Amino acid sequence: MNSDDMIGRLSGPLSLRNRIGAVVALLAGLVGAVGVGLLWATEPALPGRTHLGFGVLVALCLAWAVYGAWTVTRRTPLFALDRVIAGWLAVTATGLLTAAAIAIAVVRGTWVGLAGVAVAAALATAAVVILVRARGRRAELLRRRRELEDLGDPS
């Protein structure tokens, strides 16, 4: 197998499993954005912080929908870039969740609030681990591609 063949194997299109995951992200993001948006639209007299919360939820849902659409429509090699982007989305979402849980725990001052902070922090930790692994995988693939390109370069 020559270097061009090996690069082709490294940079092939997304697997069926990854494409299905991207379609799920697209659909879940759209359904979430529409569902939260409709709920938000039917309750105009909510406090300002609740409007902010609904806006953040709609934005996060739309971000996942855009990610899913981008991933599904890509016809070029991704070299695990899709995983890095998904990791950043997860870190952002769980970071916002953790901040909200901390704010609620401080205002309410109950053990239920502390349990929410613990769950949100666990999710944020998992998201950071996923992001670190995705970045590592992408760096590994890009390094391997450079090595193979150097082998195939006659100069």
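**View 1. Packing of helix 2 against helix 3.** In this predicted model, the axes of helix 2 and helix 3 come within 7 Å and cross at roughly 155°. Axes are lines fitted to C-alpha atoms, for helices over the stretch in contact, with angles from 0 to 180 degrees between N-to-C directions. Helix 2 is therefore roughly antiparallel to helix 3 (angle over 145 degrees). The crossing of the two helices is left-handed, meaning that the near helix is turned anticlockwise from the far one by less than a right angle. Their contact comprises 19 nonpolar residues, seven polar and one charged. Asp, Glu, Lys and Arg count as charged; Ala, Val, Leu, Ile, Met, Phe, Trp, Tyr, Cys and Pro as nonpolar; the others, Gly among them, as polar.

**View 2. The stacked pair Trp40 and Phe54.** Two aromatic pairs are found in the whole structure (ring centres within 6.5 Å, using the six-membered ring of Trp). Trp40 and Phe54 are 6.2 Å apart centre to centre, with 15° between the planes; stacked means under 30 degrees. Trp40 belongs to helix 2 (residues 16-41) and Phe54 to helix 3 (residues 48-73), so the pair ties together parts 14 residues apart in sequence. Helices are DSSP runs (H or I, at least four residues), numbered from the N terminus. Trp40 is partly exposed at 27% relative accessibility, whereas Phe54 is buried at 14% (buried under 20%, exposed over 50%, partly exposed in between; 1.4 Å probe, protein chains only).

**View 3. The edge-to-face pair Trp64 and Tyr67.** The ring centres of Trp64 and Tyr67 lie 5.6 Å apart with planes at 90°; edge-to-face means over 60 degrees. Both residues lie in helix 3, three residues apart, about one turn of the helix. Trp64 is partly exposed at 25% and Tyr67 buried at 12%.

**Notes.** Residues are numbered from 1 along each chain as its sequence is written, and side-chain values use heavy atoms, without hydrogens and water. Local features need pLDDT of at least 70 and side-chain atom pairs count only at pLDDT 80 or more, while totals for chains, interfaces and linings use all residues.

Key. Angles under 35 degrees count as roughly parallel, over 145 as roughly antiparallel, 65 to 115 as roughly perpendicular and the rest as oblique.
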